[in-house]
Amino acid sequence: MTDRSKIDSNAVLDVVRTAVERHGTKREELIPIMNDVNRELGYLPDAALEEISKMLETPTSKLFSVATFYHMLSTKPRGRHVIQFCESAPCHVVGGREVWEALKENLGLEPDETSKDGKWSLITTSCLGVCGVGPVIMIDDDIYGSVKPGDVPDILSRYS
Ligand code: FES
């Protein structure tokens, strides 16, 4: 991921153009392109949305509604590490609620908040596709299954 403190408009345009080269300009590639840009920059700055809008000939209003709908996308800067907590029922019934409380307590964050030091963002998500090992959390690209509330401090300590 690019260092967010150093993102300039040329870097944003480079990231967008690379994603569009990779996926092409068909409308159905909109989400993969937005996902690539979000992963690389940490979020979707206005300049990125405007460039995607131009290259895919899609209104920015459509891009904003896509960014709002998908949990993994954000139009606001996020922390260096994004924690996604699965809030779907299969994870909930096997202890997800307690894990959620432990996450909020350890991080001192509420959902959709980013820590003041810029290290963490905490978001909820629907099923991550590994329901057999709930409760499940995902930090960046790492998935943790069968998480217990007492595991949370150890998991968080793996990230700098
Ligand atoms: S319900 Fe949590 S991973 Fe599917």
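Biologist: What makes strand 1 (residues 81-86) and strand 3 (residues 120-125) a pair?
Modeller: Two strands pair if DSSP finds at least two bridges between them. Strand 1 and strand 3 have six bridges, in the parallel sense, so they pair by that rule. In one of these bridges, phenylalanine 85 has threonine 124 of strand 3 as its partner.

Biologist: What are these numbers and elements based on?
Modeller: Residues are counted from 1 along each chain as its sequence is written. The model is predicted: local features need pLDDT of at least 70 and side-chain atom pairs count only at pLDDT 80 or more, while totals for chains, interfaces and linings use all residues. Helices (H or I, at least four residues) and strands (E, at least two) are DSSP runs, numbered from the N terminus.

Biologist: How do you know that strand 2 (residues 113-114) is joined to strand 3?
Modeller: Two bridges join them, and the strands run antiparallel; at least two bridges are required, so they pair. Threonine 114 stands opposite serine 121 of strand 3. Five residues lie between strand 2 and strand 3 in their hairpin, and glycine 118 in the turn has a positive phi of about 75°.

Biologist: Why is threonine 60 called partly exposed?
Modeller: A residue is buried if 20 or more other C-beta atoms, placed from the backbone, lie within 10 Å of its own, exposed if 12 or fewer, and partly exposed in between. Threonine 60 has 14, so the label is partly exposed. Threonine 60 lies in helix 4 (residues 60-69).

Biologist: Which residues does threonine 60 touch?
Modeller: Leaving out residues up to four places away in sequence, threonine 60 touches Leu49, Glu50 and Ser53. Contact means C-beta atoms, placed from the backbone, within 7 Å.

Biologist: Why does glycine 145 count as partly exposed?
Modeller: Glycine 145 has 16 C-beta neighbours inside 10 Å, which means partly exposed. Glycine 145 sits in the loop between strand 5 (142-144) and helix 6 (152-157). Apart from neighbours within four places in sequence, glycine 145 is in contact with Val130, Val133, Gly134 and Val136.

Biologist: Where are the domains in the chain?
Modeller: Domain 1 is 4-69 and domain 2 is 81-157; such bounds come from an automatic or database domain assignment. Their C-alpha centres lie 27 Å apart.

Note on methods:
Contact = placed C-beta atoms within 7 Å.
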